[in-house]
Protein chains: 2
Amino acid sequence: MSGSTDGAKRPTSRDVATAAGVSRTAVSFAFNDPGRLSAATRDRILEVAARLGYRPDPVARMLVQGRTNSLGILLPQDIPQAMENPYYAQFLVGVGQVCHQEGFTLLLVPPLRNSMLDAIPYAAVDGFVVTGLERDRGEVAELERRGVPFVLVDSESDEDVPTVEVDDQAGAAAMMTHLLELGHRDITVLAFEAGPDSVIDAARGPLGRRMAGVDDALDGLGPVASDVRLRVVEARATRAEGYKAGLDILDSDDRPTAVFALSDILAAGVLDAAYELGISVPGDVSVAGYDDQPEAVWLRPRLTTVRQPIEAKGRVAADFLVSAIRGSSRHHHHTLHTALIVRESTATPRKTPVRGTGA
Amino acid sequence: MSGSTDGAKRPTSRDVATAAGVSRTAVSFAFNDPGRLSAATRDRILEVAARLGYRPDPVARMLVQGRTNSLGILLPQDIPQAMENPYYAQFLVGVGQVCHQEGFTLLLVPPLRNSMLDAIPYAAVDGFVVTGLERDRGEVAELERRGVPFVLVDSESDEDVPTVEVDDQAGAAAMMTHLLELGHRDITVLAFEAGPDSVIDAARGPLGRRMAGVDDALDGLGPVASDVRLRVVEARATRAEGYKAGLDILDSDDRPTAVFALSDILAAGVLDAAYELGISVPGDVSVAGYDDQPEAVWLRPRLTTVRQPIEAKGRVAADFLVSAIRGSSRHHHHTLHTALIVRESTATPRKTPVRGTGA
DNA sequence: CTGAAAGCGCTTACAG
DNA sequence: CTGAAAGCGCTTACAG
């Protein structure tokens with residue numbers, strides 16, 4: 001019954017113009033600038049358009065206007081992987097706020113045939129928010145070639161390109177210092193590893209900076225640093241993988257007195273593992289996270305973590321992008337700050353080794 | 001230093017053709033069908049294109065090819081609200097799988113000026129996945145007018161339009177029956193309410209069907225049904241709101257023996273409230289959820305809930321859409337099924353009222 | 001208030 | 001193997 005989807009093709013502005021006995025110019029005005037038409041003409045055109053089921057073609061309009069009213073998010077991984085990651089969802093909340101305010105839609109642009117490079121030329125967007133890239137990658141050159149503005153997020157600072165960063169190094173250092181000041185000398189860092197097919201270089205970017213922060217804190221300790229035992233374990237950033245890693249770390253004669261998970265989702269998994277093993281947190285072991293996702297405050301015990309303003313990061317990046325699109329002020333840089341959030345999951349370690357004669 | 005973003009405008013295929021001494025046809029072939037050119041010509045064109053920083057314009061290409069290679073998700077709420085909802089993230093995982101497989105990007109299309117209707121004509125997509133709409137709304141007519149395929153998700157079944165549904169009524173009935181069979185006769189249903197600015201009709205759609213399922217179970221009980229005390233409370237679907245509602249429901253002389261939350265996120269909040277109040281679950285009160293989000297199994301106690309295949313819903317919807325775009329088989333319908341997942345948060349109610357002389 | 005013309009940047013039969 | 005021409009469907013100065 002609908003019929004408009006099949007059969008005869010969609011009516012064009014020419015069809016409407018003919019049927020209404022006006023020019024295509026008039027049809028365009030009826031939709032985009034009705035004030036320029038007499039009421040009679042306008043009404044007639046609109047009526048004919050309604051009868052024919054006419055709508056201006058959005059792509060033709062984009063071509064002639066030179067804008068799409070849509071922002072692109074260039075993803076380093078495919079859409080399912082991104083959407084499974086609560087970090088991304090939160091980041092998109094921030095980007096989405098700007099979209100809402102400025103009337104943009106949001107295009108998710110995953111790698112094409114496993115290549116971010118290939119995806120860049122095909123996306124119909126007015127600009128890109130780019131996550132998970134370092135500045136010297138070929139992708140940046142391709143973006144410049146593409147000729148639309150873009151903003152690098154969580155990349156390294158760069159003079160020539162707008163960036164939004166978070167001082168992850170300071171954040172990780174603050175948490176590590178917190179742990180050291182509590183008296184911990186046997187600490188396991190649980191790092192996240194890149195997902196399968198990842199095109200990002202995990203050693204750089206946020207992970208690299210957080211690890212550097214860990215080292216900073218150790219250095220700041222002075223000569224005593226040699227007393228500290230530091231182990232590093234990796235897991236994919238899901239709660240289930242955090243749980244498995246947590247089991248490995250905690251179910252051992254030689255378990256650390258503190259675990260510093262480099263993302264909250266991993267910390268949640270470690271908490272699950274501790275619960276499962278009957279190991280008390282923070283009594284037997286301290287657990288710390290990173291991100292301060294909304295989830296963190298609902299965990300038991302409430303998670304001590306490093307807050308990074310993920311939503312603000314998305315918002316600032318999108319703001320920069322929209323400014324660049326609108327033609328104002330090129331090359332912005334902004335660094336967001338982290339904060340140490342001490343809740344219930346960290347405490348002074350027991351004096352006596354847990355596996356010994358007890359508390 | 002980059003220069004390509006500002007100053008002179010982007011080179012076009014004409015510029016490349018001129019510089020390489022060939023026709024625009026040849027330039028097009030060099031990028032889209034290199035086999036049709038002699039190696040020498042092709043290499044020369046590509047080299048000149050690289051030197052000039054040329055890329056075919058995606059929008060012009062879309063116009064002439066009549067496709068965008070992008071799927072649209074028509075949202076009933078703005079992007080931040082959608083991304084805050086774990087249900088949506090999971091749904092997008094399913095849609096994203098198809099995008100990945102078929103090489104589509106994904107455009108998030110929120111209401112424009114608070115109107116879904118207004119957003120439809122402007123999105124450059126090959127089709128829409130539509131959530132949160134009923135069939136008789138003006139939006140459906142607008143979609144038909146738009147002339148691209150679309151699929152309605154969680155809508156009512158309809159002959160004329162492809163739909164993907166879940167038998168929510170049966171799912172809710174199954175849970176309610178489970179509670180009744182355990183012996184509960186004083187049950188509070190915690191329903192989710194639409195967010196602010198919502199354009200959806202909450203009384204219909206999934207919520208309405210789940211409530212109908214609750215009634216079905218009561219009806220199935222026969223004459224004893226009159227012994228059942230049923231209360232309904234509403235809250236916005238966030239954990240914090242679930243927590244607040246949980247406090248209200250549980251911190252009372254007259255609390256129910258079971259709470260059936262119509263979404264897991266709400267159930268999680270009720271669990272938080274019970275924990276806060278020192279009320280044992282399922283000892284003092286049973287708590288049930290709906291959705292079986294990944295989270296549910298990490299809650300303590302593990303949540304009894306109704307599983308609905310959210311990811312599959314997204315996948316099936318996107319599959320239908322891609323088929324329609326490719327021109328095959330119009331008008332599909334698919335109903336997905338729910339399953340009762342009994343875990344630890346529901347049990348037989350205490351015989352004696354909690355506020356009485358105790359167990 | 002209204003229209004004829006040019007043009008957005010590309011691809012695609014068609015012809016040679 | 002290569003090119004001239006038409007056309008995708010619209011908007012926008014410009015002129016009247």
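Visitor: At what distance from a phosphate oxygen of DNA strand D does a polar side-chain atom of Y54(A) lie?

Guide: A polar contact is a pair of N or O atoms within 3.5 Å; within protein, one atom must be able to donate a hydrogen and the other to accept it, and residues adjacent in sequence count only if both atoms are side-chain atoms. In this predicted model, the polar side-chain atom of Y54(A) and the phosphate oxygen of DNA strand D are 3.0 Å apart. On chain B, a polar backbone atom of S38(B) is 3.0 Å from a phosphate oxygen of DNA strand D, and an N or O atom in the side chain of T41(B) is 2.6 Å from one.

Visitor: Which elements give two or more residues to the surface near DNA strand D?

Guide: Helices (H or I, at least four residues) and strands (E, at least two) are DSSP runs, numbered from the N terminus. Here the elements are α2 (24-32) and α4 (58-65) of chain A, together with α2 (24-32) and α4 (58-65) of chain B.

Visitor: On what conventions do the numbering and the values rest?

Guide: Residues are numbered from 1 along each chain as its sequence is written, while chains are lettered from A and ligands numbered from 1 in the order in which they are written. The model is predicted, so that local features need pLDDT of at least 70, side-chain atom pairs count only at pLDDT 80 or more, and totals for chains, interfaces and linings use all residues; side-chain values use heavy atoms, with hydrogens and water left out.

Visitor: Which residues come nearest to DNA strand D?

Guide: A residue is near a strand if one of its heavy atoms lies within 4 Å of it. Around DNA strand D there are 27 residues, of which S13(A), R24(A), N32(A), T25(B) and T41(B) come nearest. By class, with Ala, Val, Leu, Ile, Met, Phe, Trp, Tyr, Cys and Pro taken as nonpolar, Asp, Glu, Lys and Arg as charged, and the others, Gly among them, as polar, this surface has 11 nonpolar, 10 polar and six charged residues. On the DNA side, sugar or phosphate accounts for 57% of the atoms of DNA strand D within 4 Å of the protein, and bases for the rest.

Visitor: Which residues come nearest to DNA strand C?

Guide: They are T25(A), T41(A), S13(B), R24(B) and N32(B), out of 27 residues around DNA strand C. Sugar and phosphate make up 55% of the atoms of DNA strand C within 4 Å of the protein. Phosphate oxygens of DNA strand C lie 2.6 Å from an N or O atom in the side chain of N32(B), 2.8 Å from one in the side chain of S28(B), and 3.2 Å from a polar backbone atom of S23(A).

Visitor: What area is buried between chain A and chain B?

Guide: The size of an interface is often given as the accessible area lost when the parts come together. Buried area is taken with a 1.4 Å probe and summed over both parts. Between chain A and chain B the value is about 5,500 Å², with carbon and sulfur atoms giving 62%. Within chain A, R55(A), R145(A) and W298(A) lose the most area to chain B, together 14% of what that side buries. Counting contact as heavy atoms within 4.5 Å, 65 residues of chain A touch 63 residues of chain B.

Visitor: How many salt bridges are counted between chain A and chain B?

Guide: A salt bridge is a side-chain nitrogen of Lys or Arg within 4 Å of a carboxyl oxygen of Asp or Glu. The count between chain A and chain B is four. In one of the salt bridges, E142(A) pairs with R55(B), the closest N and O atoms being 2.6 Å apart. R55(A) likewise forms a salt bridge with E142(B), with the closest N and O atoms 2.6 Å apart. R55(A) is in the loop between α3 and α4 of chain A and E142(B) is in helix α8 (residues 138-146) of chain B, so this pair joins two chains.

Visitor: In what sense do β2(A) and strand β2 of chain B pair?

Guide: Two strands pair if DSSP finds at least two bridges between them. β2(A) and strand β2 (residues 105-109) of chain B pair in the antiparallel sense over three bridges. L108(A) stands opposite L106(B) in β2(B).

Visitor: Which peptide bond that ends at P282(A) is cis?

Guide: Most residues other than glycine have a negative phi, and most peptide bonds are trans. The bond from V281(A) to P282(A) is cis, with omega near 5 degrees, and P282(A) lies in the loop between α12 and β9 (286-288) of chain A. In chain B, the bond from V281(B) to P282(B) is also cis, with omega near 5 degrees. As for phi, N69(A) has a positive value near 55 degrees; this residue is in the loop between α4 and β1 (70-74) of chain A.

Technical notes
Buried area = accessible area lost by both parts, 1.4 Å probe.
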